[in-house]
Amino acid sequence: MEASPGARIREGDCAVLKRGEVFKAVPVLRRRKIIFEKQWFYLDNAIGHIYGTTFEVTNGGNLQPKQDVEETTTETKEAGTDNRNIVDDGKSQKLTHDDIKALKDKGIKGQEIVQQLIENSTTFRDKTEFAQDKYIKKKKKKYEAVITIVKPSTRILSTMYYAREPGKINHLRYDTLAQMLTLGNIHAGNKMIVMETCAGLLLGAVMERMGGYGSIIQMYPGGGPVRAATSCFGFPKPYFDNLHEFPLSKVQSLLSGTFSTETLPSDPEDNALVEEESNGLTEEKQTSLQETEEEPTTEAPMEINQSEEQETMDINAEDVEFKENKEKENKENVREKQMKQWERRKKLTETAALLREKNADGLIVASKFHPTPLLLSLLEFVAPSRPFVVYCQYKEPLLECYTKLRERGGVINLKLSETWLRNYQVLPDRSHPKLTMSGGGGYLLSGITVVLDKGKSDSSSLEALKMEEPSPKRCKVQDLHC
Amino acid sequence: MGVNHQPTTVTMSFIEYGDTIKDGDTAIVFLGHESMFPVKVQHGTVTQTKYGVIRHSTDLIGKKYGSKVTCSKGGWVFILHPTPELWTMNLPHRTQILYSTDISIITMMLELKPGSIVCESGTGSGSLSHALIRTVAPTGHLYTVEFHQQRAEKAREEFREHGVDHLVTVTNQDVCKNGFGVSNIADAVFLDIPSPWEAIGHAKSALKTEGGRICSFSPCIEQVQRTCLAMEEYGFTEINTLEILLRVYNVRTISLQIPDLGKAAEDNSGTGFDSSNPSNQGSPGANLQQGTVQFKSGVPLREMVGHTGYLTFATKSLV
């Protein structure tokens, strides 16, 4: 199940473009214009190269592997000692916008443009060495347009989503996601229950850590699960063989024993698209992340069916027996639809049976919904002595969730936490934390299930007392490592 | 004490879940909040706890994981299935260890998954090792290097006891001098040693030709600076240094007293909690009889871990 070593970029892949700290996921298709970081180009030339290759954009909008050019060694150049005499009047650069544009149009390489800028700056030689360094870095970043094409992974996609479309993932910061995967002991062979409204990012992360082994039941609200981000990972088909889904709207009936497949959630096609749009928070208008957002898997067969129908119609357009054939088509169509429904019902029944076993190896939740009702119901499907972890963008709902779980019993080692993340600039004599950092990455409530002692209300409250943290007192440093 | 019997077949509980407690398992005894310890399940053995004695043959073997076990003095405990995370909290320390917060981000940033080949040095107490083995199982492998002979041997012993020795190779040598003992096969390399810059070259050769990821963990910024320079010299890209800290909250119901601001000449004013207002009667907060307001809060701990180490990640790539 391992990825082939030195994986090459293939048509149809989902690839991630990277320039500095900026990422963008795109489908690899020929003759498809891509816009990325103010540049337009085609990916055609990238096909066949190894992931991780860095490219330059040529004048024609094509990609070309970057030649490893020797850095023009800065011999002991002239430099100042401080900026006391440097006046920022905006006039120190002698090249105008038009001059620079002319250079670009001539096809002058980025490196050369940067050199020109340096030579035409009146204050450059007065800057300190560090300031010169910073200046060159800044200009390089702007004019040396190199793009690296990287293979998608949880690391890449979670960073990308958090930077570009945090609303779609409920502001789940990538380190919080990392905690969830470890706290939940996500590994090959698990039977996992996943409930998320993070565009399928969490599902993809779980699938990556399971490597195609074990099984996953994805609980979904509305008409169907959203797996837009999941398709970005590029998992091989066998990974999806043991991926099941189950509607939240049927959970109560399943728990009370009144489950039936008679009333199914409405047509997946319509609902899934609606689901996608309302997935993020209303404050953000979603721009499509990829050129083609993938609809849920149940959608695919129906699409093929329609296009087949379309083809047949074109061919028979002039046919005398056109009408007859059309009737036949319609009948077949209805039959197909019935088959699909039957298949869906069958799958649903199978998934219900999997849930009824109540032996899942873990539960992982990250959604826009209030966590309490989700936890209280979905924990019923989890075996004892298994971890669970739930994410919430806000702390308060998890306070309530914690309280309700204590009342319910059957859980221990409850912990409410968040992680604090800080990036650093490390340079000789210039090391310090970076100037900006994320203000918050969400909160996690985690715990371990135990055999639920139903009936005896005394013992469960005693239990709760014992499991409760001691009253705040002086903690030893060793105890702090939670 | 114990009856002499044949060595038991060890289950792979650290990388595979089982339902019932078996002879030879390592299980976790949970006594209460943040109070637990590991126990080697063995026929005929007994374990002492503050709640009394646990007899393995009758109380543990054959029972479901997650069960409540009553001890001889009447108190009870829970028996938990081992996981690398529980192991990290309970393992015997031979060195300072990495905790799950750092382990989580390391795992994700190194892009580890089933089938990955990882190199690690130093093995230390095996905290990270267990987590790595769990992640790369069943088809990956961990090559771990430890320059202290006894620690290397203890690690080998533990991996065997935990049924994961087929997934890990422990080598007793100095990684800075002799590398990891493998070349061009690793997807990722992890360094937690005093002078990581001396091992960057070896790390690069251990990594696959087509590329991979590297991580170095150092408590001091000076070490980080030297390591970043070395990474740059050896052609690593995407060099990034970060730190991650865990903040834990205790869920508490808090009661705050309402101050007595006295009374104005007229009725009811100024406290902000208007008892005459009927809509306020049902309010969950106010408890005006006792003059307190109750609310639920996530209270941070008095002290928290302020620093473990800086994590530096980088990429080895062909181009």
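With a relative accessibility of 48%, A:Arg125 counts as partly exposed; here buried stands for a relative accessible area under 20%, exposed for over 50% and partly exposed for what lies in between (1.4 Å probe, protein chains only). You are looking at a predicted model, in which local features need pLDDT of at least 70 and side-chain atom pairs count only at pLDDT 80 or more, while totals for chains, interfaces and linings use all residues. Residues are numbered from 1 along each chain as its sequence is written, chains are lettered from A and ligands numbered from 1 in the order in which they are written, and side-chain values rest on heavy atoms, leaving out hydrogens and water.

What does A:Arg125 pair with? Its partner in a salt bridge is A:Glu78, at 3.5 Å from N to O; the term covers a side-chain nitrogen of Lys or Arg within 4 Å of a carboxyl oxygen of Asp or Glu. This pair links distant parts of the chain, 47 residues apart: A:Arg125 sits in the loop between helix 2 (110-119) and helix 3 (129-143) of chain A, and A:Glu78 in the loop between strand 6 (63-65) and helix 1 (97-106). Helices (H or I, at least four residues) and strands (E, at least two) are DSSP runs, numbered from the N terminus. A:Glu78 is exposed, with a relative accessible area of 51%.

Let's turn to another charged pair. The side chains of A:Arg227 and A:Glu245 form a salt bridge of 2.6 Å, N to O. A:Arg227 belongs to the loop between strand 9 (215-220) and helix 7 (228-232) of chain A and A:Glu245 to strand 10 (residues 243-247), so this bridge ties together parts that are 18 residues apart in sequence. Are these two residues buried or exposed? A:Arg227 is buried at 6% relative accessibility, and A:Glu245 is buried too, at 15%.

Further along chain A, A:Glu380 and A:Arg408 form a salt bridge whose closest N and O atoms are 3.1 Å apart. Since A:Glu380 is in the loop between helix 12 (371-378) and strand 12 (387-392) and A:Arg408 in helix 13 (residues 396-408), parts that are 28 residues apart in sequence are tied together. Shared partners also join A:Arg155, B:Glu111 and B:Glu238 into one network of salt bridges. In all, the whole structure holds 28 salt bridges over all chains.

What does its side chain reach instead? The backbone nitrogen of A:Gly200 lies 3.0 Å from a polar atom of the A:Glu196 side chain, and the backbone nitrogen of A:Leu202 is also reached at 3.0 Å. Beyond its neighbours within four places in sequence, A:Glu196 has contacts (heavy atoms within 4.5 Å) that include A:Gln218, A:Met219 and A:Ala366.

Now for the rings. There are 9 aromatic pairs over all chains. A:Tyr162 and A:Tyr174 make an edge-to-face pair, 6.3 Å centre to centre with 80° between the planes. A:Tyr162 is in helix 4 (residues 154-164) and A:Tyr174 in helix 5 (residues 174-183) of chain A, so the pair ties together parts 12 residues apart in sequence. Both tyrosines are buried, A:Tyr162 at 18% and A:Tyr174 at 13%. The rings of A:Phe233 and A:Phe235 are stacked, because their centres are 5.1 Å apart and their planes at 10°. To pair, rings of Phe, Tyr and Trp (its six-membered ring) need centres within 6.5 Å; planes under 30 degrees apart count as stacked, over 60 as edge-to-face and the rest as tilted. Ring pairs link A:Phe233, A:Phe235 and A:Tyr239 into a cluster.

The backbone deserves a look as well. In chain B, the peptide bond from B:Ser121 to B:Gly122 is cis, and B:Gly122 lies in the loop between strand 7 (117-121) and helix 4 (127-136). The bond from B:Ala137 to B:Pro138 is cis too, with B:Pro138 in the loop between helix 4 and strand 8 (141-145). In chain A, A:Lys38 has a positive phi of about 60° although it is not a glycine; A:Lys38 is in the loop between strand 3 (34-36) and strand 4 (39-41) and is exposed at 84%.

Finally, chain B has 8 helices and 15 strands, and buried residues make up 52% of its 319 residues.

Key:
A polar contact is a pair of N or O atoms within 3.5 Å; within protein, one must be able to donate a hydrogen and the other to accept it, and residues adjacent in sequence count only if both atoms are side-chain atoms.
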